[in-house]
Amino acid sequence: MTLLSNLNVLQIGSGPAAAVCGRLLGDAGARVTCIDANPDTGALNVHLNHGKLVMRTQAEEQGALAEAHIIVIEGSPSTLAAGRYTPAAIRAINATAVLVMISPYGQTGPCADDPATDLTLCFASGIPRLLTGQGDDLSEAPIAPAGGQSAFIGGVAAACAGMHAALGNVPGADIDVSIQEALATLAITELARAGVHGRSWSRKRLTDGNGATVCILPASDGYAAISPREEKQWASWLAAMGSPAWGNDPRFRKKSDRVANWDALHALMSDWSRRHTKQWIADTAQAAHVPSFPLREVAEHLDSPQLKHRGYFRPIAVGGLTVQAPGHPFGLQLTRGDQHEQRASQSSLPGAMPLTGVRVLDFSWVIAGPTTTRYLAAMGAEVIKVEAPGAGDPGRTSELHTVLGQAKKGIVLDLKKPEGVALARELAARSDILLENYATGVMDRLGLGAEALKAVNPHLIYISASGMGRSGPDARAVAYGTLLQCYAGFAGLNRHPERPPRIGLAWLDPMCGLMLAFIAAAALWQRRQGGAVARGDFSMIEAMLWTMAEPLLAAQTGKPPQPMGNQSVRHLPHGAWRCAGDDDWVSIVVRTDEEWRALCGVVPALAGHVHANLEARRATSEVIDAALKAWAAPQAAAVAADALLRAGVPAAALARSSDLVASEHLNARGFWDKHTKGVLPGLPWSASVGRVQGAAPGLGADTERVLTSVLRLTPEKVAALRADGVLG
């Protein structure tokens, strides 16, 4: 029994994001069939389409179209209109399926038909401005993340949106996924800050560049990442380093001091770390309960005892070789139940959202979990966010809660008190989904673990999210998303070859939020259609490796991945060139000889090379680079990109968050939502089913309302609980 065994998915065309979407749905158990799938026999394509059925005849295609619950197709509006199966032709055969359309810039808006590539989409989203963190040298070109991440993020967003729409009662729902928007929302805090305050993040390092929160140290055999961000962690870290004399230096006493004197502090820690191996540093830190991981190559994970314990990898055949491909990160267990609809049945009411009637008990905090429940709330779920007395979710100290807390209800429970735990159990008994991302063992010790709550609600979908998963030898490792990016090999690949790795954008957490929202919707589908109840043990490191399939497979097929900056083995030119202005860059990619001729028509210095094929361009790459450098330097990046796009050459200026706020295209698509102080970013998709909006709750703002309406407590009982400190 699999989660989506009764869901039919049709993947049309050879688009990589559509293949990723189909892969994720297939990993959850859906029956995925393909029309006109990419015939490439490369390792990545073989992996993405492994186990999918390929339709060979027109009769088979027509049958698959008619039977599909979700249809996924990739392409810009003009591309889809010229295809064998246009959206109109699809609807003529199947008027009730969810139609998921993935494209670079969406199906509407003035940029909808602009040519695009992985690199230019990343630049258009602003991600390269944030990816590698702040640095001292702004002549270092910003880079896109390794491994074709635009297709993975677009595909995961498409699977998430499609799965939610499939739960609704609106036949023939349309989903429009813009890869630019899906990428941009990974930097949700920066987008919200720009939308509310008009401020954009700079690549230029200020003070510590966030190093006092999380940093990379050189080791004798590579690098290790550490994150002693709390004062007690810092004290433990000093002890782990052997209590050096400089640990008592007033310059490093408090975190604010460490920020102000970061360069001196990092040099002292580096002197110590260079004498030890990366694994020894990480093990020593973890033993002291300080979050730390070594920076690994992706191939090192193939022998991971943790991943072997969890049965993560699956063998597939590629070009005569048997290689290990990434499996899914969901850690699913299914318990056979009855056809239990509970409040979820309300989604069949006229005008209801896909998750109308679904109650979610949210024990998550910071980014990954709150991102998940933001999507669930947007799709109509009643999300009850449970916070501890005091400061509440750390996201409240920034714009994070303002955007991720939208349309939720906020309550405060002191889970250190038996009465607080009892209230949590009663809420779980009346909920459909519980999501938690506490440290391994915490919920069990509280009596709120999956097994304990099964007794009060056998129909509760219980989803845990953790760095390494809840089982295995590394289950109790202290982990943050940015550290896991280092551990997975992501940070090591996201750099120019001559530069050391840096920690930047918290990429993994929001990506996991999309995956978790997807699996929550898939679990609801199974409970409604198949009667089984899911328990999810989600592993963030497994999710990170799932999206790093390209370098992971390359490492096993004779092409060990190396950091390449913006270079490409397939296309040339392929990179970014600095323009006039403060840290302005234009990204340019040429994929075909036709695009090369178009580029030569825009850049006069290249006119004499108009007939150069790819091999000739490689032989003259330095000449091409110099010509593009000279051409771009006196121009504004937006002007340069516009000239190239009008000629049919994929290009994009490096966007600031404020540029995205002002974007004519994004505003035409309704990406930004009005807020009392400005605007907030919307979802990474638009849908005909709509979405729910609402302000983020104040700390404990809905405690009394939830306890009286959901648990039927009297106002007097609530007042007594508050007097006893149970409600903060």
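Which residues does Asp393 touch, not counting residues up to four places away in sequence?

1. Basis of the note. This is a predicted model, in which local features need pLDDT of at least 70 and side-chain atom pairs count only at pLDDT 80 or more, while totals for chains, interfaces and linings use all residues. Residues are numbered from 1 along each chain as its sequence is written, and side-chain values use heavy atoms, with hydrogens and water left out.

2. Asp393. Leaving aside residues up to four places away in sequence, Asp393 touches Ser364, Trp365, Val366, Pro370, Lys385 and Glu387; contact means heavy atoms within 4.5 Å. Asp393 belongs to the loop between strand S14 (382–387) and helix H16 (400–404). Helices (H or I, at least four residues) and strands (E, at least two) are DSSP runs, numbered from the N terminus. Asp393 counts as buried because its relative accessibility is 6%; buried means under 20% relative accessible area, exposed over 50% and partly exposed in between (1.4 Å probe, protein chains only).

3. The open sheet. Seven strands form an open sheet of mixed pairing, in the order S3-S2-S1-S4-S5-S6-S24. Its edge strands, S3 (53–54) and S24 (686–687), each pair on one side only. Two strands pair if DSSP finds at least two bridges between them. Helix H3 (residues 58–67) packs on the sheet and touches strand S1 (8–12), strand S2 (31–35), S3 and strand S4 (70–74); the direction of H3 makes about 125° with that of S1. Axes are lines fitted to C-alpha atoms, for helices over the stretch in contact, and angles run from 0 to 180 degrees between N-to-C directions.

4. Parallel pairs within the sheet. S1 and S4 pair in the parallel sense over four bridges, and Ile12 has Ile73 of S4 as its bridge partner. S4 is joined to S5 by five bridges, again in parallel, with Val72 opposite Val100 in S5. Five bridges also join S5 (residues 98–103) to the parallel strand S6 (residues 174–178), where Ile102 stands opposite Val177. S4 is mostly covered, four of its five residues being buried. Helix H7 (residues 149–166) lies across S4, S5 and S6, at about 160° to S5.

5. Helix H22. This helix (residues 508–529) has 22 residues and reaches 31 Å from its first C-alpha to its last, close to the 32 Å expected at 1.5 Å a residue; the expected span is 1.5 Å times one less than the number of residues. Because 21 of its 22 residues are buried, H22 is largely enclosed by the rest of the structure.

6. The nonpolar cores. A nonpolar core is a set of buried Ala, Val, Leu, Ile, Met, Phe, Trp, Tyr and Cys residues joined through side-chain atoms within 4.5 Å. The largest has 134 residues, and those touching the most other members are Leu4, Leu25, Ile102, Met163, Trp507, Phe518 and Trp685. H22 supplies the largest share of this core, 15 residues. Apart from it lies another core, of 28 residues, including Ile411 and Met443.

7. Leu307. This residue is found in helix H14 (residues 305–309) and is buried, with a relative accessible area of 3%. Leu307 and Gly469 are 162 residues apart in sequence and 9.5 Å apart in space, C-alpha to C-alpha.
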